[in-house]
Amino acid sequence: MRGESEADYQGRAIATLKRFARSYECGIIVVAHPSKDVKLPNGDIRQPTLYDISGSAHWFNASDHGVIVCGDTKSNVREVVVEKSRYRGAGAPGSAWLRLENGCLRATVSP
């Protein structure tokens with residue numbers, strides 16, 4: 001809507017997507033990225049959170065589930081983190097490591 005902030009638009013858009021999903025009994029996945037890397041005082045880059053997605057905290061507060069995929073871009077190993085799961089039956093927060101080997105994803109115990 002004319003004159004609304006980015007945060008207001010995102011909140012309204014997420015609510016609209018959730019209504020659509022309930023009406024049609026389907027799942028919707030929105031893929032978003034952090035606005036920028038967040039550096040720690042020692043210069044290291046920390047793992048992003050749902051609050052780091054560009055625009056607003058709606059991505060954490062209004063989402064039912066939040067999954068983060070992160071890792072060094074020079075490596076074939078990624079950490080998949082379930083940061084949020086609103087419904088107990090749908091899972092729980094946690095993480096796992098995945099490695100790309102010969103075009104296939106393989107779960108791994110450590111990076």
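## Salt bridges, strands and aromatic pairs

E101 is partly exposed, with a relative accessible area of 32%; on this scale, buried means under 20%, exposed over 50% and partly exposed in between (1.4 Å probe, protein chains only). The structure is a predicted model, in which local features need pLDDT of at least 70 and side-chain atom pairs count only at pLDDT 80 or more, whereas totals for chains, interfaces and linings use all residues. Residues are numbered from 1 along each chain as its sequence is written, and side-chain values use heavy atoms, with hydrogens and water left out.

**Salt bridges.** The partner of E101 in a salt bridge is R106, with 3.6 Å between the closest N and O atoms; the term denotes a side-chain nitrogen of Lys or Arg within 4 Å of a carboxyl oxygen of Asp or Glu. Elsewhere, salt bridges with shared partners unite K18, D64 and R86 in one network. In total, six salt bridges are found in the whole structure. One of them brings together the side chains of K18 and D64, at 3.3 Å from N to O. This pair connects distant parts of the chain, 46 residues apart: K18 belongs to helix α1, and D64 to the loop between α2 and β1 (65-70). Helices (H or I, at least four residues) and strands (E, at least two) are DSSP runs, numbered from the N terminus. D64 also forms a salt bridge with R86, whose closest N and O atoms are 2.9 Å apart. Here the two residues are 22 apart in the chain, R86 being in the loop between β2 and β3.

| Residue | Relative accessible area | Class |
|---|---|---|
| K18 | 24% | partly exposed |
| D64 | 21% | partly exposed |
| R86 | 38% | partly exposed |
| R106 | 42% | partly exposed |
| E25 | 75% | exposed |

E25 lies in the loop between α1 (6-24) and α2 (58-61). Although E25 is not a glycine, its phi is positive, near 45°. Strands β2 (residues 77-85) and β3 (residues 94-101) pair antiparallel through six bridges, pairing being assigned where DSSP finds at least two bridges between two strands. Within this arrangement, V82 is opposite G94 of β3. β3 is also antiparallel to β4 (residues 104-108), with five bridges between them; L100 has L105 in β4 as its bridge partner. The hairpin of β3 and β4 leaves two residues between the strands, and N102 there has a positive phi near 50°.

**Nonpolar core.** The largest nonpolar core comprises eight residues: I14, L50, I53, W59, A62, I68, C70 and V81. Such a core is a set of buried Ala, Val, Leu, Ile, Met, Phe, Trp, Tyr and Cys residues joined through side-chain atoms within 4.5 Å. Beyond neighbours within four places in sequence, I68 contacts P48, T49, L50, E79, V80, V81 and E83, contact meaning heavy atoms within 4.5 Å.

**Aromatic pairs.** Two aromatic pairs are found in the whole structure. The ring centres of F20 and Y24 are 4.7 Å apart and their planes stand at 35°, so this pair is tilted. Rings of Phe, Tyr and Trp (its six-membered ring) pair if their centres lie within 6.5 Å; planes under 30 degrees apart count as stacked, over 60 as edge-to-face and the rest as tilted. F20 is partly exposed at 44% relative accessibility, while Y24 is exposed at 59%. Y51 and F60 form a stacked pair, 4.7 Å centre to centre with 25° between the planes. K84 sits over the face of F60, 5.0 Å from the ring centre; the criterion is NZ of Lys or CZ of Arg within 6 Å of the ring centre and within 35 degrees of the ring normal.
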